[in-house]
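Definitions are given where a term is first needed.

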There are 2 protein chains.
Amino acid sequence: MAASTPVVESPKTRIMMGVNESSMKGYPHASISSKSAFEWTINKIIQSNTSGFKLLFLHVQTPDEDGFDDVDSIYASPEDFRDANRRDKIKGAHLLEYFVKRSHEIGVACEAWVKKGDPKEVICHEVKRIQPDLLVVGNRGLGPFQRVFVGTVSEFCVKHCECPVVTIKRSANETPQDPVDD
Amino acid sequence: MAASTPVVESPKTRIMMGVNESSMKGYPHASISSKSAFEWTINKIIQSNTSGFKLLFLHVQTPDEDGFDDVDSIYASPEDFRDANRRDKIKGAHLLEYFVKRSHEIGVACEAWVKKGDPKEVICHEVKRIQPDLLVVGNRGLGPFQRVFVGTVSEFCVKHCECPVVTIKRSANETPQDPVDD
C-alpha cells in the first residue's frame, strides 16, 4: 500500500501593514490612508486567494513629548502611571480590532500588535525582526510643501526597510478639507 | 426556464513591470534585477491565482548619445537607418520573449511592448497612459555612493509614478562582483 502523500502547502505570503488612528476622529477610528491601504491589499493583491496570505498589522503609538497623551491627568502614584499605560494599550487594541475583524470576515489569517515609539523607526525595526514579504503603508499624498511640516513615514520606510515596500495613497475623493488630516 | 446567469469575473489586477537587458550579457538576456522582480511577483503575489492577474511588460530602449547603439555601423543610406531601427526592435522583442514565455508556462495573461527614450520618464508616462494597479521594478540595491553615478530608475518611479510602486532588490547571492553590473 502506498504511503499517503501529505499535501504540501506553499508558505503564505506575509504582508505587514502599518496602521494608525484618524487624526480627526482619534481612537478607535483608523485613518483614511490606513483603510485605503488595507482595502487595496484585499482587492488588488489577495482577491479570492485568501489562503495564500497572512496579514500582520502593526500599530505604533507615539508618546507626546513628555511621554503621555493625557495632558489633564495627574500622576500621583505608581498606579496612575500603570493605569495610563493600560489605557494606551486598550486604545491601540481597539484600533487593531477594526482590521482584525475585517480580515476574519474576508477569511484572511492575521496577527496584530502594538508598539510604542517613533512610527518610522519602529516599523523598520519590526520589519527586520519579522521579515515580512511585503510592507504596505498608507500615505496622505501630500505635496512637498505640506510634507516639510508633517514628515512622511512611508518615504522613510521605502528608503530604509529591508523588505519590498508599497505605498498606497488615499483616493482623491476621500481627502478631507485639510489634506494634512487623515 | 430561468435565464442562465453569466459568471461575473472580477477584473484582473494589472501589474506593470519595467524590464531591461543585462548590463553584462546584453540582449537577449534579462538583467538579474528584472528576473528577480518577475520571480518575486509570481511567487509572492500571484501564487496559484493565475487568473486574477495580468502582467504588462514594458522594455525601454535607451539610445546612445548619438541615437545608436551600434558604433561600428556605417550609415550611408536611408535604408541603413531603417535596418538599425529594425535590429533594435528585434533585440527588444527577444528580451520580452523571455518574460512572455515564462508567463505562458505559468498561465498568467500578459502583454509586452517596447518603447524608446529615458527609462524613468517613459515608465512614468506609460503608467499614466495604461493606469496599472501596481508597478514592479527591479533594483540593484546599490549604496548611496554607487547610486550617484548610475542613478536609479526605481527611485524616480517611486516618487513620480501615479500608481503604487514596489521595488524589488536582487538577492545578495545574485549580486555580481561589481554590483553596478546587472
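1. Helices (H or I, at least four residues) and strands (E, at least two) are taken here as DSSP runs, numbered from the N terminus. This is a predicted model, in which local features need pLDDT of at least 70 and side-chain atom pairs count only at pLDDT 80 or more, while totals for chains, interfaces and linings use all residues. Residues are numbered from 1 along each chain as its sequence is written, chains are lettered from A and ligands numbered from 1 in the order in which they are written, and side-chain values use heavy atoms, with hydrogens and water left out.

2. Chain A contains 5 helices and 7 strands, and from the N terminus on its elements follow the order β-β-β-α-β-α-β-α-β-α-α-β. With contact meaning heavy atoms within 4.5 Å, 76% of the contacts in chain A between residues at least 6 apart in sequence join residues at least 24 apart. Of the 182 residues of chain A, 38% count as buried, where buried means under 20% relative accessible area, exposed over 50%, and partly exposed in between (1.4 Å probe, protein chains only). Chain A exposes about 10400 Å², of which carbon and sulfur atoms supply 53%; these areas come from the Shrake-Rupley method with a 1.4 Å probe, and for residues only the protein chains shown count as cover.

3. Helix α1 of chain A (residues 32-46) has 15 residues, which at 1.5 Å a residue should span 21 Å, and the 20 Å between its end C-alpha atoms agrees with this; the expected span is 1.5 Å times one less than the number of residues. The helix α1(A) is mostly covered, since 11 of its 15 residues are buried, among them Phe38(A), Trp40(A), Ile42(A) and Ile45(A).

4. Gln47(A) sits in the loop between α1 and β4 (53-61) of chain A, and it counts as buried at 15% relative accessibility. In chain B, Gln131(B) also has a positive phi of about 50 degrees although it is not a glycine; Gln131(B) belongs to the loop between α3 (119-130) and β6 (134-139) of chain B, and at 54% relative accessibility it counts as exposed.

5. The peptide bond that joins Tyr27(A) and Pro28(A) is cis, with omega about -5 degrees, and Pro28(A) lies in strand β3 (residues 26-30) of chain A. In chain B, the bond from Tyr27(B) to Pro28(B) is likewise cis, with omega near -5 degrees, and Pro28(B) is found in strand β3 (residues 26-30) of that chain. A rotation of 180 degrees with 0.0 Å of shift along its axis superposes chain B on chain A, with an RMSD of 0.1 Å, and that is the relation of a two-fold axis. The same surface serves both copies, in that 100% of the contact residues of chain B recur in chain A. The superposition is by least squares on the C-alpha atoms of residues with pLDDT of at least 70 in both copies. Of the residues of chain B, Val166(B) comes closest to the rotation axis, its C-alpha lying at 2.5 Å.

6. Val166(B) is also one of the residues touched by Val137(B), together with others including Gly18(B), Ala37(B), Ser154(B) and Ile168(B), when residues up to four places away in sequence are not counted. Val137(B) has its place in strand β6 of chain B and is buried, with a relative accessible area of 4%. Between Val137(B) and Ile74(B) there are 36 Å in space, C-alpha to C-alpha, and the two are 63 residues apart in sequence.

7. Which residues touch the most other members of the largest nonpolar core? They are Met17(A), Leu55(A), Phe57(A), Met17(B), Leu55(B) and Phe57(B), in a core of 44 residues. A nonpolar core is a set of buried Ala, Val, Leu, Ile, Met, Phe, Trp, Tyr and Cys residues joined through side-chain atoms within 4.5 Å. Not counting residues up to four places away in sequence, Phe57(B) touches Met17(B), Phe38(B), Leu96(B), Cys110(B) and Trp113(B), among others.

8. A search of the whole structure finds 0 disulfides over all chains, and Cys110(A) is in none, the nearest cysteine sulfur, that of Cys163(A), being 18 Å away. A disulfide is a pair of cysteine sulfur atoms within 2.5 Å. Cys110(A) counts as buried at 17% relative accessibility. In chain B, the sulfur of Cys110(B) is 18 Å from the closest cysteine sulfur, in Cys163(B), which is too far for a bond, and Cys110(B) is buried, with a relative accessible area of 18%.
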